[in-house]
Amino acid sequence: MAKAPKLKHNPQIVTANHLVRGDVVYLTADSAWSRSIKDAVVAPDEAAATSLLAEANAQAARNIVVAPYLVPVEPGSAPPLPVQFRERIRAQGPTTEAA
Amino acid sequence: MPLIKNGIETTDDWILVADDAELPADGKAVVSLKRWQEQKAQLEQRNAPLGLSLPNTAAPEELNGDVHRFALIALNFPKFSDGRAYSQARVLREHLGYQGELRATGQVLRDQLLYMHRAGFDAFEINRPDAEKVFKAALQEMTVFYQPTSDDRATAQNVRLGLQQRLARKAGL
Amino acid sequence: MYRYDPLDQQLIDERLAQFRGQVERRVSGELSEDEFKPLRLQNGLYLQLHAYMLRVAIPYGTLASHQLRGLARVASRYDRGWGHFTTRQNIQFNWIKLEDAPEALAVLAEVQMHAIQTSGNCIRNTTTDQYAGVAADEIEDPRVWCEIIRQWSTFHPEFAFLPRKFKIAVTGSPHDRAAVRVHDIGLRMLKNDAGETGFEVFVGGGLGRSPFIGKTIRSFLPKQHLLSYLEAILRVYNRYGRRDNLYKARIKILVHETGIEKIREDVEAEWALIKDGALKLPQDVIDGITAQFAPPAYADLPAAPPAALLEGLRQDRDFAHWHRQNVVKHRQAGYAIVNISLKEEGKPPGDITADQLAAVADLAERYSFGEARVTHEQNLVLPHVAQADLPVLWRALKAQGLATPNIGLVSDIIACPGMDYCALANTRSIPIAQAIALRFKNWQRAQDIGELKIKISGCINACGHHHVGHIGILGVDKAGEEFFQITIGGSASDDAALGDLIGPALNEQDALHAIDTLVETYLGLRQEGERFLDTYRRVGLAPFKEKVYAAH
């Protein structure tokens, strides 16, 4: 499995999949989940990121989402722009057109 | 922890004896493989039911005929996803002819109970209050089985053969 | 084709009910994700980059028309109108909701399909030659044995929690179209000196992080002992396969680390204890399953091409191209095997729409006794087409975008879904596959190049089989950019071989240029009748490596 380069110092957002629907979702400022990355709350530093992920994991334990994880984003980007190509594809959809 | 034996919740009257602990004079005692190997002569003298706890890395074949000395053999699933004990169970039942209690311990979850039962386990340490209920439900989930084990279940092939034979008899063949 | 009896149907119905219960217990929280994950994987449901993905089993790649329609229904109702055929002859749907998965499986169960054991650390789909039963060079139909293995391996209670996944492939022909030597167990049918048919058994083949060609564990296994021998191998693997390291857990590592001699000793010792037991196959059981694969009611046709075909070939150049490239000789006089290319220009390789699935169902019904096949190269096959029907069939396929005349040619690329879909990938693979196909779209040029199997994987898990491509491409992440490592000289066939790395990874543009250079180098060096692979085997790596990296 591909491992992200160490981007711990970047601002982070949290993504997960909605348990029942499977949709890609992002954790928002009011601890809800949005399908749009534009609504993702950005954790500016490591401490905030840890806290954000903890909230996401708590919601996973309540069976709302599965497999939450942190996504590093470009500093100052609004809406948040993931650093990693994979995460941009996850946010925007496949770069190919479906058959 | 609830013990399900032969489908019902039963009191577990076996005592697991640590390697360095004194073996009780009577009563049902379970010892480790290590202790069995080191103190075999002494243990054989004991006039009470003896049980063996096998790690899932042990080769049951090393017990040979000794399996019949045990009224209980406990196998272990350190994680439910570690399936080595299924093979140990089959080797014990099918190659070594072990007929005593074969107990599943460790992470024994509802969704593996039928597989365990098919592999030869007849006792299960299931860590939940509704153990008996879920055991019964789990064993009823599937009624068609493709492959033979030492359990009593007819395989699909046997059922088909039985059907063919009945039809052939009907046709007077 | 194997027809389910009420027992087979009951089994998948019960499994569906069981899975429904498991989904309910997950949604209610009674099951944690850790506890649920292996259960949903054993029902083929992955969590992928965008959504849950359902991998539906197509046992040994054989499909009936009503099943193709079932797949079309699932694609339309529960997905985004399309599916993707894989290198293990299965089909994947990429946008399934967990809450819909039981319903989608219910639609499939109605047509005797399921997603049982298409993932998880268990025995997966047994795959075979897409021309099984109809190939001119076949010794015996391997699907009989695939069906026997399928039943034995389905819900095998001892082997549901192996160290890792387990894949078996069978070939009934000396020309291996099933890649048996890169499977955990490969079975090659053959006749011994006494004229009896049996199996050569290979063990420990596989691709991925540590690719290996399988080793012969037994050179001749009599048929009646097939299941007991497989059981012995699986038991040894279950007991001794590594569980300490996910990347060292396949049987290929056990064979490599222990040595084939010791593995053989252990397996044969176990086998000796069980070979005459309940797994020994009685002849009447073998006969019963064999009868299910009896050939369809072929018409008594002359071998010579009929007028309708000859006329078509004369009149229509495109039809002639397609006939030359996609149609293969059949063992039955007057019939042909038709390859349906899913490698249309501009489309992701191996993808098919719901409409196309329905169309293939109809065409199979009309022209192929209701039967189709899936190939491990992500194409389809209609296995029993009367030669006189070829022109009209071709027109119908063309109307659906299913008649690209490129089977085995450079644009017939195998590609995994890659980072566009897969959470494991390092790079995308579909765009580079399409870019390569576009470069070689000219039919004359593709014909001139001849057989060239390009295989692309977006990560080291090698689902695109890049190790055994004549040209293999592996996507790697270099500091966040997509780079591609190229190997040449691999083969998945009876002459199985792993490709050799030509040099350091290249960015996409350079990789595309490298493919051009490799092809040009081949064309410049080849002798009469040589394919790319043959020229490489004759001249070696150096000439290719030099030309590609000359500018670097």
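**Note on the predicted complex of chains A, B and C**

1. Chain B contains six helices and eight strands; here helices (H or I, at least four residues) and strands (E, at least two) are DSSP runs, numbered from the N terminus. Along the sequence, these elements of chain B follow the order β-β-β-β-α-α-β-β-α-β-α-β-α-α.

2. The model is a predicted one, in which local features need pLDDT of at least 70 and side-chain atom pairs count only at pLDDT 80 or more, while totals for chains, interfaces and linings use all residues. Residues are numbered from 1 along each chain as its sequence is written, and chains are lettered from A and ligands numbered from 1 in the order in which they are written.

3. On confidence, the predictor assigns the complex an ipTM of 0.96 and a pTM of 0.95. Chain C has a mean pLDDT of 96, with 100% of its residues at 70 or more; pLDDT is the predictor's confidence in each residue, from 0 to 100.

4. The C-alpha atoms of chain B occupy a box of roughly 70 × 35 × 30 Å along the principal axes. Of its 173 residues, 36% count as buried. A residue is buried if 20 or more other C-beta atoms lie within 10 Å of its own, exposed if 12 or fewer, and partly exposed in between, with C-beta atoms placed from the backbone. When contacts in chain B between residues at least 6 apart in sequence are considered, 47% join residues at least 24 apart; a contact requires C-beta atoms, placed from the backbone, within 7 Å.

5. Between chains C and B, 27 residues of chain C are in contact with 25 residues of chain B. On the chain C side, helix H1 (6-28), helix H2 (33-41), helix H5 (143-153) and helix H6 (226-240) each supply at least two residues. The largest share, six residues, comes from H1(C). By class, this side of chain C has 14 nonpolar, seven polar and six charged residues. In this scheme Ala, Val, Leu, Ile, Met, Phe, Trp, Tyr, Cys and Pro are nonpolar, Asp, Glu, Lys and Arg are charged, and the others, Gly among them, are polar.

6. Within chain C, helix H7 (residues 251-258) has C:Ile251, C:Lys252, C:Ile253, C:Leu254 and C:Val255 buried. The buried residues of H7(C) pack against strand S9 (197-203), strand S10 (215-222), H6 and helix H8 (260-274) of chain C. Just after H7(C), C:Gly259 adopts a positive phi of about 95°.

7. In chain A, A:Gln92 belongs to helix H2 (residues 85-92). A:Gln92 counts as exposed because it has 10 C-beta neighbours inside 10 Å. Its C-alpha atom is separated by 9.0 Å from that of A:Ser36, 56 residues apart along the chain.

Methods
Contact = placed C-beta atoms within 7 Å.
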